[in-house]
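Visitor: I'm new here and would like a tour. Could you walk me through it?

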Amino acid sequence: MTRLRAGCGTISGYHRHRRAGEQACEACKEAWAIYGYDRTMVRSRALSRLARENPERFGELMKQEAKAFAAEQKLLDGPDE
Ligand SMILES: [Zn+2]
């Protein structure tokens, strides 16, 4: 098991483990999980707000990203047979 060090249980602690090429300790894994969860929630709320406050621009971006995503998927699937 990975030894606890100063800064463990923080995002920078998590990155330090990864840079050192080692498994993050439980405290750092937990900090990373909470950070990821929080960021996802905050991002989701910001996107909902953007859609409400600027629906036209948001609609344009959705269409553009849908087209880009479809093009990427075709590239990933390889050429048509
Ligand atoms: Zn740690």
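Visitor: How do you know that the end-to-end distance of helix H2 agrees with its 28 residues?

Guide: First, a word on the source: this is a predicted model, where local features need pLDDT of at least 70, side-chain atom pairs count only at pLDDT 80 or more, and totals for chains, interfaces and linings use all residues. Residues are numbered from 1 along each chain as its sequence is written. Now, helices (H or I, at least four residues) are DSSP runs, numbered from the N terminus. The expected span is 1.5 Å times one less than the number of residues. For H2, residues 26–53, that gives 40 Å, and the end C-alpha atoms are 40 Å apart, so the two agree.

Visitor: And what makes you say that H2 lies largely in the open?

Guide: A residue is buried if 20 or more other C-beta atoms, placed from the backbone, lie within 10 Å of its own, exposed if 12 or fewer, and partly exposed in between. In H2 the number buried is 2 of 28, so this helix is largely in the open.

Visitor: Ile34 sits in H2. Why is Ile34 called exposed?

Guide: Ile34 has 12 other C-beta atoms within 10 Å, so it counts as exposed.

Visitor: Why are H1 and H2 called oblique to each other?

Guide: Their axes, lines fitted to C-alpha atoms over the stretch in contact, with angles from 0 to 180 degrees between N-to-C directions, cross at roughly 120°. Under 35 degrees is roughly parallel, over 145 roughly antiparallel, 65 to 115 roughly perpendicular and the rest oblique. H1 and H2 are therefore oblique.

Visitor: What about H3: how do you know that it is hardly covered?

Guide: The count of buried residues among the 23 of H3 is 0.
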